[in-house]
Amino acid sequence: MRFLGVGDCCDLGALYLRLIEEGHEVKVSISNPLCCGTMAGLVEQTEDWRAELAWIRAGGREGLILFENVAENRGELQDALRRDGFMVIGGSAYGDRLENDRAYAQRILQDAGLSIAPTWEFTDRMAALEFLEQRPGRYVLKFNGPKAAIDNYVGELKDGRDLRAYLRKLTHAEALASSFVLMTHVEGVEMGVGAYFDGEKFLIPACLDWEHKRFFPGDLGELTGEMGTVVTYERSRRLFERTLAGMEKPLREHGHCGYVNLNTIVNEDGIWPLEFTCRFGYPGYAILTPLQQTGWGELLAAMADRSMSAFNTRGGFSVGIVLTIPPFPYPRSQVDEPVGLPVFFDGTLDAQDRQNMHYCELGLDHGELVTSGIYGWAMVVTGVGETISLAQQRANRLAERVRIPNVRYRRDIGEQLAARDYARVERMGLLDE
């Protein structure tokens, strides 16, 4: 098959490498000049993805376009390409709005019968500060659009003093230019449910995930894009049917085709949806890879031609750890840090080791593997096991063998989940028998 990737930073680099390993042809367009070193020498790059449309069309049913993100109205572009006869996986204009317009997404979820936490939308910081003075409480601040996660803030104090101070002092121009929401804080276990949607239906099984977004162990520090995640395809149907399944009709009506994830807080009072991801989750797709027995090429082809209702998965858990380097969690556009640093491995990697290494912002320089890109997401390593603890141990052992100057990562991914949160979710009756 032929695959054409379209994005800014080559977010699906690990996926492209898997497709190449399976024998498929892959080209990728990277629009951000700071990211052109990502996958250099590993995946063929093209300066103008539109110039490759004839190459994709010549592939017939074996030519497929992958869109990486929800920026710059790419959902509308995908819808237009589908109308023109191309097979496109990634998202849709509807999916873009679900992810980027948080208040709109909450209204859609409420219409689908889900309980939602009270949410207020603002376009003006002073109006939000006045609201907080009149209605003190604990809230979560989240900005609309594909903005940096570090600008979001989870209030800690019941009277909201910390959130008010944060809003007053926030100076990041991109954040100040964005609309945002304040959502009433809900106590519970944060977990997501995700599934692939082929334009008509969700493919089974859905997955369950538990993200770790804070920079430091113990959930301290900045909210990053992601430091690690625990995923499983086991026991997922019950939560899926109570959440994502209710979105099948609107997604079908809007022609969405791609991965859809709904992040939630669950507690003894119910399921409280937080936000959508209507694209390949990054790095979630890489962490799912070891659990998917169906190859990426076969799975993507089936999504494009709607020929599959279920795909094969492995049991157990996959724990993914993001290996980061400076300037993470800030981009190089804000903090100048070098790239081109060497990447080494302790000992010889066997086939299983390599299957559990997922290159992110890496490329080749004169045949040597080096760092690249803008964010400092160097690599994701995974460990798979029948239990969360076993999967974590294997992921940590593999992470220890990666040598990159100034590499940083969390070694506690999954610890709290294994110790108490998974059992709590089980007691809530949200997992299959």
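Modeller: The questions below concern a predicted model.

Biologist: Which residues of helix α3 are buried, and on how wide an arc around the axis do they lie?

Modeller: Helix α3 spans residues 74-83, and its buried residues are Arg74, Gly75, Gln78, Asp79, Leu81 and Arg82. They lie on the same side of α3, because the arc they cover around the axis is only 160°.

Biologist: What covers the buried residues of α3?

Modeller: The cover includes both strands and helices. Among the strands are β1 (2-7), β4 (63-67) and β5 (87-89). The helices include α2 (53-58) and α4 (93-100).

Biologist: In the loop between β4 and α3, what is the phi of Asn73?

Modeller: Most residues other than glycine have a negative phi. Asn73, in the loop between β4 and α3, has a positive value although Asn73 is not a glycine. With a relative accessible area of 54%, over the 50% cut-off, Asn73 counts as exposed. Its phi is near 55°.

Biologist: Is strand β11 largely enclosed or largely open, and how many of its residues are buried?

Modeller: Strand β11 covers residues 207-216. The rest of the structure largely encloses this strand, because the number of its ten residues that are buried is eight.

Biologist: How many bridges join β11 to strand β10, and how many to strand β12?

Modeller: Strand β10 (residues 189-197) runs antiparallel to β11, and Val193 has Leu208 of β11 as its bridge partner. Strand β12 (residues 220-232) also pairs with β11 in the antiparallel sense, and there Glu211 stands opposite Thr229. The bridges to β10 number three, and those to β12 number seven.

Biologist: In the hairpin of β11 and β12, which residue takes a positive phi?

Modeller: Three residues lie between the two strands of this hairpin. The residue with a positive phi, near 75°, is Gly218.

How values were computed: Residues are numbered from 1 along each chain as its sequence is written. This is a predicted model: local features need pLDDT of at least 70, side-chain atom pairs count only at pLDDT 80 or more; totals for chains, interfaces and linings use all residues. Side-chain values use heavy atoms; hydrogens and water are left out. Buried means under 20% relative accessible area, exposed over 50%, partly exposed in between (1.4 Å probe, protein chains only). Helices (H or I, at least four residues) and strands (E, at least two) are DSSP runs, numbered from the N terminus. The arc is that of the directions from the helix axis to the C-beta atoms. Contact means heavy atoms within 4.5 Å. Two strands pair if DSSP finds at least two bridges between them.
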